[in-house]
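Open the model in your viewer and keep the selection tool at hand. The tour goes from one selection to the next.

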Amino acid sequence: MTNDNEYNTLCLEDTGEAIARAAELIRRGRLVAFPTETVYGLGADAMNPEAVARIFAAKERPADNPLIVHVDTIEALRPICHVTAEARALMDAFWPGPLTLLLKKKDGVPAITTAGLDTVAVRMPAHPTALALLRESGLPIAAPSANRSGRPSPTRASHVWEDMQGRIPMILDGGPCSVGLESTVLDMTAAVPLVLRPGGITREMLLGFLPEVGVAGSVLRPLEKDEIAASPGMRHTHYAPRAPLTMVKGRNENVAVACCALYDTLAAAGKRPFILAFSQHISSYGARHVLSLGSRENPGEMGERLFHILRAADEMGAEVIFSEVLPPEGIGLAVMNRLGRAAAFRTIDADSFFIDVFDINTVLG
Ligand code: TXA
Ligand code: MG
């Protein structure tokens, strides 16, 4: 349906006038990429199956991966889903914000939007441009992240441009996204509410409003053979830079020694390695190619930068990437889930690492 050159894509600063044009496109069943506080979304009228089909085509997204429906008021959910008292309490506490709730869907939502499931994911984004677009279009907007399937989610308009140029009519540029990681997805239809995807609203925050909150087992490891993903999106490869990425864990001083040894060995083998390091450790790497993950004291900063850095490493010609890691606590759980999936969960333990017995093929993907 959509091919690479169908559109002369406009990238406009998110002024009132641009938002009005974008709202008109949404009403006509077309696609618009727009900023949210998490990542850029690729939006269409959630209730129009033809419009939603355009999202799947432009992203090359597998048809079994359902979309999030965005709203600007809780009342707008009336034709979309059944809102339980527990869900309502979470909406009052965390909306607008990076929390997506899975609820029982109503019949008016087209099957294509939810990939045939009887649940629907809903969220109210905390970005003035997203909220203005929702208000002006007067429609619920289905929007996945505006990357091509398998690529890191876009946290700047330029990332959307790289992936979607020619495939969609308009990108609204609202600058860099402040959270930088996709929203927390919480299944409110499970017996115990279950985090399917960790994000900016942490399990610890949710526990202030719910007696129990589970976390899907596959958040910090790959799916096992025959394991069914709680969320279809977890089945698919995600977030990956083009260069193979390996996480390096262990005590700080050992991580620096191991990363230097790995880097030098790969460089001697004619590869172009990159290290992703916290700002506190950058000086340990001398003149090697290093990209900063921000401060180790501020895990949210790594969240905000991560997808941009993965794309930057690709652009700078990285052929193999080693990354320092965070403890998987609070927002660190979301960061390590994304980094882990980008690395296909490949990890080296620096505390028991010996370069002389190391096979470089294991980090070359
Ligand atoms: O922050 C975000 O959530 C961004 C912005 C644009 O709002 N959107 C986003 O959408 O990340 P997407 O499509 O890239 O990720 C949605 C995730 C996928 O893993 C999908 O499988 C899951 O939510 N999901 C959506 N509806 C679902 C459902 N009914 N049941 C289970 N999982 C669902
Ligand atoms: Mg996505």
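Is Cys 81 buried or exposed? Select Cys 81 in this predicted model: its relative accessible area is 2%, so this residue is buried.

Next, select Cys 259. Its relative accessibility is 0%, so Cys 259 also counts as buried. A disulfide needs two cysteine sulfur atoms within 2.5 Å. By this rule, the model has 0 disulfides.

Move on to ligand 1 and display the residues around it. There are 24 of them, and those that come nearest are Thr 38, Asn 65, His 70, Ser 183 and Gly 233. Colour this shell by residue type, and it divides into 11 nonpolar, 9 polar and 4 charged residues.

- Asn 65: an N or O atom of its side chain is 2.6 Å from an oxygen atom of ligand 1.
- Arg 61: here an oxygen atom of ligand 1 is 2.8 Å from a side-chain N or O atom.
- Thr 119: a nitrogen atom of ligand 1 is 3.0 Å from an N or O atom in this side chain.

How much of ligand 1 does the protein bury? Taken alone, ligand 1 exposes 680 Å², and the protein buries 97% of that.

Last, show the strands. Of the elements, β6 gives the most, with 3 residues.

Conventions: Residues numbered from 1 in each chain as written. Chains lettered and ligands numbered in written order. Predicted model: local features only at pLDDT ≥ 70, side-chain atom pairs only at ≥ 80, totals over all residues. Heavy atoms only, no water. Near = heavy atom within 4 Å. Polar contact = N/O pair within 3.5 Å; in protein donor to acceptor, adjacent residues only side chain to side chain. Areas by Shrake-Rupley, 256 points an atom, 1.4 Å probe, with all protein chains shown as cover. Helix = DSSP H or I, 4+ residues; strand = E, 2+ residues; numbered from the N terminus. Nonpolar A, V, L, I, M, F, W, Y, C, P; charged D, E, K, R; others polar. Buried < 20%, exposed > 50% of the residue type's maximum accessible area, 1.4 Å probe, protein only.
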